[in-house]
Amino acid sequence: MKMNLIEKALVNNYWGRKRIRSLAEKLLHYVEGDQKLEFLDVGCGDGEVVDYIARKYGSRVVGIDIDAGQLELARKKVNGLANASFIEADATSLPFADSSFDVVVSLGVLQHITNWEGALGEITRVLREGGYFLYSDIIYPETVTRMDSSTKAGFGLVTVDLDKLNSFIKESGFSTLYASTNKMLVCRSIEAVYRRK
Amino acid sequence: MGDVLTLVEKILAAHSGRKSVRPGDFINVSVDLVLANDITAPIAIREFERIGVKRVFDPKKVVIVPDHFTPNKDIAAAEQVKLAREFCYTQQATYFEVGTMGIEHVLLPEKGLVLPGEVVVGADSHTCTYGALGAFATGMGSTDIAAAMAIGDVWMKVPATMKFVYHGKLARWVSGKDLILYTIGDIGVDGALYMAMEFAGETIANLSMDGRFTMANMVIEAGAKAGIFLVDDRTLDYIKSRADRPYTVYQPDDDAGYLKVVEYDASAIEPQVALPHSPANTVPVSHVGEVKIDQAVIGSCTNGRLEDLRIAARVLGGRKIHPKVRCIVIPGSQQVYLDALDEGLIKTFIKSGAVVSTPTCGPCLGGHMGVLAAGERCISTTNRNFVGRMGSPESEVYLANPAVAAASAVAGSIVGPEDVAR
């Protein structure tokens, strides 16, 4: 689901960009490889991370998002960089062949996708063997997501079940290079780097 | 939700006469051991006398270890030690004289003075070392220690617990030191501020006791109140011949309320080096670049145990210390020294051109036995590389494991053991 205006204001600002950039930087630390790596950002939003990776590594980076408005901002941001491109697409049905990318990044996105498990399946499908999945989300308790979905002004939040996520990661042949779950008031947050065997 | 407690919360609840405690609670904790050393004891003793009590709460539970500037390096040190010694004689508290003493955090576990489930407070920041035994151990100021010596109680705020899970098999030459340096590098020097760090995972289950002591020792470098390991067969094996009193093994509840859970793939970690001037400034040894060194120190409460000396000897065996490097090896206790002698390690060190010292904290804190001049660089198995820590404020300290320190001593610059040994 697309973000509403309030959430966009929370994300598309200086602090939001700085936060996501430093998180991406931290998680990218675990990725080994050279310029030839191909990156996909699932739910790239205003393209902050795509821009960062494209400039830092000079690698090919594709950003997908369901929100054309966000993609417009993203295209403006990368300002014609030849190695960055954007496609309007749904994370639960990625327009790519199997094993197309070496690194898939998805930061704070699954928490907005009702069929988040389907999106995870798609991410796994397009990832090459030995590829990396850089992931972060806020894990809202179900009481919060129920409340959120009962109001028109809701953020479209869903609860990513950590137990389900962990068993998916295990069963899909990922190994955990790094994972950190934090308590934040009533929520938890997770950031992780998984690698496909 | 019922009362689901972490390991540290269980120990603190039991020692405060409560069924349950929560992070943030202020509690009075009864202590099983109060520790001080030659630097901190004199201040504690003066405060103790000011309180006006005559006797310590339990002489068996008060220990003073003169280890920082001993054998006395100067008159001031001698006066400090004299005061501590006389206090222990008067109070019949436990005192380890030169000849029986060792570096406190190596010595106390070795002597069976700390057991699982106990609460230990010490006037030394690295008191947290005993977390390796499944005890709650924390450093405090001398005045708190004076009060603890008087009444056997301390007040504290219950820390929240962060859990660190390590997966996979460690690569060759990678040890507990590298795990903790890597972790501090990840979370920063305040990453666990006033928290308890609980270590778990199959890597930890396979880690030696000496490796666990090293890890617990350095939790304070991440700002932690305490570090703790679950008691397993290795722990029980370690204390079997040492424990002379009953103890309780606590287990954390399933689904205990961890503030944060961090997982690492430990098999991907290579030997780490903390560059000046912060223990969090860590990089893999292969990324250090060309750094010439003047001194290498192998020892301390972090890495002065038998396993550490064995590793150093494996690297130094049949090799020569670089002619421009002073390599100082300091066994952590008389027992470690004796065992190292029996195993021929001391001979290996001396033949390679290293000097072997009696147990002391010595150079780690710029005390004696290897203080640095301006512009000098030292690779050290100790725990702190702050500005001026080992001497001149213009010197530099690089922290590493014993294998890296030994290899660097041979090479004359910071290198990994693979570059020197097979």
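This is a predicted model: local features need pLDDT of at least 70, side-chain atom pairs count only at pLDDT 80 or more; totals for chains, interfaces and linings use all residues.
Student: Which residues of helix α2 of chain B are called buried, and what makes them so?

Tutor: In α2, residues 41–51 of chain B, they are Ala41(B), Pro42(B), Ala44(B), Ile45(B) and Phe48(B). A residue is called buried if 20 or more other C-beta atoms lie within 10 Å of its own, so each of these five residues meets that cut-off.

Student: Why are the buried residues of α2(B) said to line one face of the helix?

Tutor: Seen down the axis of α2(B), they fall within an arc of 160°, so they line one face. In general, an α-helix has 3.6 residues a turn, so residues three or four places apart point the same way.

Student: What do the buried residues of α2(B) pack against?

Tutor: They pack against β2 (33–37), β3 (62–65), α3 (75–91) and α5 (142–151) of chain B. Just after α2(B), Gly52(B) has a positive phi of about 100°.

Student: What are the domains of chain B, and how many residues does each give to the contact?

Tutor: The domain assignment gives domain 1 (7–264) and domain 2 (272–419) of chain B. Domain 1 of chain B gives 34 residues to the contact and domain 2 of chain B gives 36.

Student: Which element gives the largest share of the side of domain 1 of chain B that touches domain 2 of chain B?

Tutor: That element is α6(B), with six residues. The elements giving two or more residues to this side are α4 (104–110), α6 (176–187) and α8 (209–217) of chain B. By class, this side has 13 nonpolar, 13 polar and eight charged residues.

Methods: Residues are numbered from 1 along each chain as its sequence is written. Chains are lettered from A and ligands numbered from 1 in the order in which they are written. A residue is buried if 20 or more other C-beta atoms lie within 10 Å of its own, exposed if 12 or fewer, and partly exposed in between; C-beta atoms are placed from the backbone. Helices (H or I, at least four residues) and strands (E, at least two) are DSSP runs, numbered from the N terminus. The arc is that of the directions from the helix axis to the C-beta atoms. Two residues are in contact if their C-beta atoms, placed from the backbone, lie within 7 Å. Domain bounds come from an automatic or database domain assignment. Ala, Val, Leu, Ile, Met, Phe, Trp, Tyr, Cys and Pro count as nonpolar, Asp, Glu, Lys and Arg as charged, and the others, Gly among them, as polar.
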